Amino acid sequence: MQKGFLFLRSQNSLNQLRMKFGTKAIHAGIEPDPATGAIMTPIYQTSTYVQNSPGDHKGYEYSRTHNPTRTALQNNLAALENGKHGICFSSGLGAIDAVIKLFNPGDEIISTNDLYGGSYRLFTKVYERYGIKFKFVPMSDAASIADHITENTKMIWVETPTNPMMNIIDIAAVAKLSTGTKIILAVDNTFASPYLQNPLNLGADIVMHSVTKYLGGHSDVVMGALVVNDDELAQRLAFIQNATGATPGPQDCFLVIRGIKTLHLRMERHSQNGKTIAAYLKNHPKVEKVYWPGFEDHPNHDIAVKQMRDYGGMISFTLVGNKESDARKVMESFQIFALAESLGGVESLCGHPASMTHASIPKEEREKVGLVDSLIRLSVGVEDAEDLKNDLANALTKI
């Protein structure tokens with residue numbers, strides 16, 4: 001095990017004390033600076049570290065391999081997901097890329113058929129060229145996944161809630177399919193965040209986050225992360241992290257540490273506002289359908305009740321008549337919801353998946369899962385909910 005993985009004292013002691021999520025968000029893996037007593041983790045803006053003699057050092061040799069600021073963040077993330085090892089990357093796709101590098105030509109990966117367009121692009125445009133096969137299948141009925149498993153299946157890739165259709169996948173049920181096999185279960189937990197959902201508790205082997213989103217929370221950093229419990233799997237992923245070099249800098253790690261300290265507070269407000277906005281849209285005469293897992297009639301809502309603490313601020317909706325031109329008018333008319341890529345920041349954002357985040361997915365494949373041209377995805381922020389409702393009301397009058 002690389003030396004940076006030895007710095008887990010704070011995480012383990014906090015787990016032993018069984019601290020609640022809000023306390024872990026602020027304290028897990030974080031210690032006062034031993035040199036000055038600074039309560040905030042310093043930004044160790046250094047590329048290398050002085051050694052007493054070759055191999056005799058304080059746990060750090062080179063900042064691509066380890067950096068104290070990154071170590072603190074990795075320990076913090078591991079604690080939030082109830083895992084042993086956190087591993088950070090320079091982007092969410094960098095984290096996913098490291099996972100796919102675990103496999104060899106001829107291996108098969110089963111993925112949900114409703115997923116982030118960047119993940120689909122990475123799978124199909126990069127790794128299929130190297131002989132790794134991907135199957136994109138519906139996962140609303142977890143048992144049906146078994147029909148696609150072969151002797152070459154090495155991983156099941158799950159998003160829940162999915163992007164952008166908000167489909168709910170039963171993590172525990174999928175985990176049972178791989179029990180007693182060598183199939184890895186990986187879960188993209190970006191939409192839920194560790195506050196709403198902990199896939200490792202439900203049997204997942206790997207949890208992936210686009211840290212850019214809710215974990216960072218302030219639209220000022222790009223980062224990805226993996227959290228695992230298995231020591232050998234952590235070793236393999238850490239080797240890939242170091243060998244391929246997609247690592248974040250200490251300034252970005254500092255920003256995420258700071259962002260996580262309010263994660264529980266932000267997620268409570270995102271969820272409250274999400275509930276208000278989803279209900280408003282559901283009753284609007286110009287809205288055809290609203291996708292939000294908190295609705296009792298949302299597919300697999302009963303599973304969401306079991307595996308999530310709340311339902312978050314991600315909402316997708318379609319317009320009556322399904323015209324892309326109407327969707328564009330609505331998004332161009334917002335005053336508070338900003339038209340932009342990404343999600344999970346304190347400010348409310350809107351996006352048009354068909355032409356933005358999911359443009360790399362062929363139209364016929366998008367529409368199979370319901371991603372039609374009028375679909376608008378909202379990342380509901382932490383502003384006043386009445387202001388957000390008024391913004392939507394005004395924008396919808398434009399069509």
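Tutor: Tyr120 has 14% relative accessibility, so this residue counts as buried (buried means under 20% relative accessible area, exposed over 50%, and partly exposed in between, with a 1.4 Å probe and protein chains only). This is a predicted model, in which local features need pLDDT of at least 70 and side-chain atom pairs count only at pLDDT 80 or more, while totals for chains, interfaces and linings use all residues. Residues are numbered from 1 along each chain as its sequence is written, and side-chain values use heavy atoms, with hydrogens and water left out.

Now to the rings themselves. A pair of aromatic rings is described by the distance of the centres and the angle of the planes. Rings of Phe, Tyr and Trp (its six-membered ring) pair if their centres lie within 6.5 Å; planes under 30 degrees apart count as stacked, over 60 as edge-to-face, and the rest as tilted. The structure holds 11 aromatic pairs. One of them joins Tyr49 and Tyr60: with ring centres 5.6 Å apart and planes at 40 degrees, the pair is tilted. Both Tyr49 and Tyr60 sit in the loop between α2 (21-27) and α3 (68-80), 11 residues apart. Tyr49 counts as buried because its relative accessibility is 16%, and Tyr60 counts as buried because its value is 10%.

Back to Tyr120, whose ring forms a tilted pair with Phe136, at 4.9 Å centre to centre and 45 degrees between the planes. Tyr120 belongs to helix α5 (residues 117-127) and Phe136 to strand β3 (residues 133-137), so the pair ties together parts that are 16 residues apart in sequence. Helices (H or I, at least four residues) and strands (E, at least two) are DSSP runs, numbered from the N terminus. Phe136, at 25% relative accessibility, counts as partly exposed. Ring pairs also link Tyr120 and Phe136 with Phe123, Phe134 and Trp157 into a cluster.

For the setting, the secondary structure of the chain comes to 14 helices and 12 strands. Of its 399 residues, 57% count as buried. Among contacts (heavy atoms within 4.5 Å) between residues at least 6 apart in sequence, 73% join residues at least 24 apart. Along its principal axes, the C-alpha trace spans about 70 × 50 × 35 Å.
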